[in-house]
Amino acid sequence: MNSLITKTLIPSIPLRSSTRLTLTPNSLRHFKASLPQLYMSSDSSQRVFQLKLDPLTGNSEWVVIEDNDELPECSTESLLATTSYLDMLNDSYRNKAFRLAIDKTVTKPCHVLDIGAGTGLLSMMAARAMGLNGMVTACESYLPMAKLMRKVLHRNGMGKTINLINKRSDELEVGVDIPSRADVLVSEILDSELLGEGLIPTLQHAHDKLLVENPLTVPYRAVTYGQLVESTYLWKLLDLYGNEAKASDGIHLVPTGLDTIIHVKSHQYPMHCDAIRKEIKLLSEPFKIFEFDFWRRPDSHGETEVRIKAIDDGSIQAVVSWWILQLDREGTVFYSTAPRWINSPANIGNRNWCDHWKQCVWFLQEKGVPVFKGEEVLLEASHTETNVSYNLNVQVPQTDVRQHDYRIGDFQLLLSPERIATYGDSEWRLSMLAALQGRVNPLCVVADDSIFLTLLAANLSENSHVISFFPGLRDMGAQYLENVAEANGFSMDRVEVHEKRKACLTMHDTHGKKVDMLIGEPYYYGNEGMLPWQNLRFWKDRTLLDPVLSEDALIMPCKGILKACAMSLPDLWRSRCCLGEVEGFDHSVVNTTLGACGELPAPKEGPCLPFSIWQCGEIKELSEIFTILEFDCSKPISSCYGKAQVQFTEHGICHGFVLWMDWVMDVDNSIVVSTGPDHRYSKQGVKLLTKPIAVGIHGSKSTREFGSTVMEASFDPASSELIIKHAFS
């Protein structure tokens, strides 16, 4: 079977007649956060620009798509396959809840408005519930999805029943786009935080311009809840200062007095908290935070205070939050995103694992807030139009207040929690240090966005000169270095940030000297959500720099190894499998476009997608870890091919292969930094099978189980494509 891993496509950008850029409240839907998305509103909705990105070079190009043209098939599939639409449509509990609520709400002919209609599922439910008369208007601003919705409506014989409008809801006008205000609003524009997809501004405009007074709505209400927790794992994602102090390696990413210079962005982070249940200590009972009624116009901002009594001694390090939907007015149909340790009447206890809605984590102070059982704390919560934030109002002892150096002003380098945890990991830091220990190289180039390697290289020798590319950090990286240089024992005349965006140097840039050391983790700022082998961009950059490298230049990493393991992934496979009927409506037409795995027409397959495997519900390794392909970074980039036969070591159902990169940091192959499933700060690539396969230990007597598999991989640097094949035997 073939898996073609193509260049990444950034979602389309509708073109507006004016030049003003505006965020789209109800079209920022169901996209994984691996890439930046930018949307423009559209008066005519006749044209979109689609940005195609080559992750190995960082280069991008715009593709123009006309409204009446079909999207190129490979472009459509690559684009929509990275969304969570498929996972959402496979959430049977969600679908059933909306169907029950719509059947109870839409009981007579009326005008129903569906905002953010997606494939049109809720629109079709409403049309079926009201019968032949009445009207359904479906609003879907995202052109590729609107095109797909037309196919779904046609397949179900509703192409003429439902009026599909390819606009943002705040562009609709009564008397122009729709004949009258709507009596009923059905909509699902919710993310894990509840507000992140623009729920509030969308509802405000709808109530002001599109809905009758006192409309019926599905959902009817949403309530957010939270719980105070202590967790060693969550603490590692936040407190770089505290974790770095344990490393004692002489590198100070967060020097004393500059403790706020590196921080996570202050917002809620979606996470499958059930995966860390054993690492969480609950310090409070669940508490209610905010209530949002869909049937009336919401406020843009809100504040509340919650007094919470601690149920155990500990250190409050985070707020875990979730929400519960009441879908019908009577309060009989509910849906909850609560973690499984929560027992409440509204929670669906046997809800399947799904990835489109998770719990959220809000990090509090780095050191945590100590609390004793029975002690009362005050939690201040506030919301804007798009997010919720928290503050724990406690008196911090004077001895716990870190001194702040006001010379840095308001500057903060905002990094992802996983990046902060990596930088605070003593074992990871030791690997980097060991790979460069004893090296005295006059000229070193850091090709990626690693601030750690930049500081490490500057510390190797008082005579070394470091050039950092910082292709993603850019000026932020330069400003950071200026602030921490003194604390790390070097002056900025020995470290410079390359101004050119491309990874190329001339002898003029190096002041006539050859580069003695070229290093990277590799890590590229903003690419944390991408497939692990897309960090082979380092190999591409190394090739561009070949003319200025000395003959014996040290290259780190010197090698990349594509590793894999056959795994049982029932929850993940169930969330990505092919669709048939969804609540009575045929959705099979979307399978290829949404990247489903299952009974696809040959030679179609689902794509390889990035996931944190340890958060993917039930998982089980069925084979040993094996090597498929090696990339020799000591030489210029070239085509590669690898093949491996692997024996299964466990009986079970194989749903696919998990793939990742191991980076060999030294020529002796003794220092290896892995991004595999055991390393929870990295994402892996997952290639799900077209159909689950029963496997068993090689040589077993069962005739219904496969005992081994052969995997092949080939890499073409010209197209930046990695092709993976597998065959069971």
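Which side chains meet in a salt bridge at 2.6 Å, N to O? They are those of E521 and R419. A salt bridge here is a side-chain nitrogen of Lys or Arg within 4 Å of a carboxyl oxygen of Asp or Glu. This pair links distant parts of the chain: R419 sits in helix α9 (residues 417-423) and E521 in the loop between β27 (515-519) and α13 (537-544), 102 residues apart. Helices (H or I, at least four residues) and strands (E, at least two) are DSSP runs, numbered from the N terminus. Both E521 and R419 are buried; that means under 20% relative accessible area, while exposed is over 50% and partly exposed lies in between (1.4 Å probe, protein chains only).

A quick word on what you're looking at. This is a predicted model, where local features need pLDDT of at least 70 and side-chain atom pairs count only at pLDDT 80 or more, while totals for chains, interfaces and linings use all residues. Residues are numbered from 1 along each chain as its sequence is written, and side-chain values use heavy atoms, with hydrogens and water left out.

D328 lies in the loop between β17 (318-326) and β18 (334-336), and K104 in helix α3 (residues 92-105), 224 residues apart. D328 is buried, at 0% relative accessible area, whereas K104 is partly exposed, at 37%.

E279 and R680 also pair up, their closest N and O atoms being 2.7 Å apart. E279 is in the loop between β12 (269-271) and β13 (280-282) and R680 in the loop between β37 (672-674) and β38 (684-695), so the pair ties together parts 401 residues apart in sequence.
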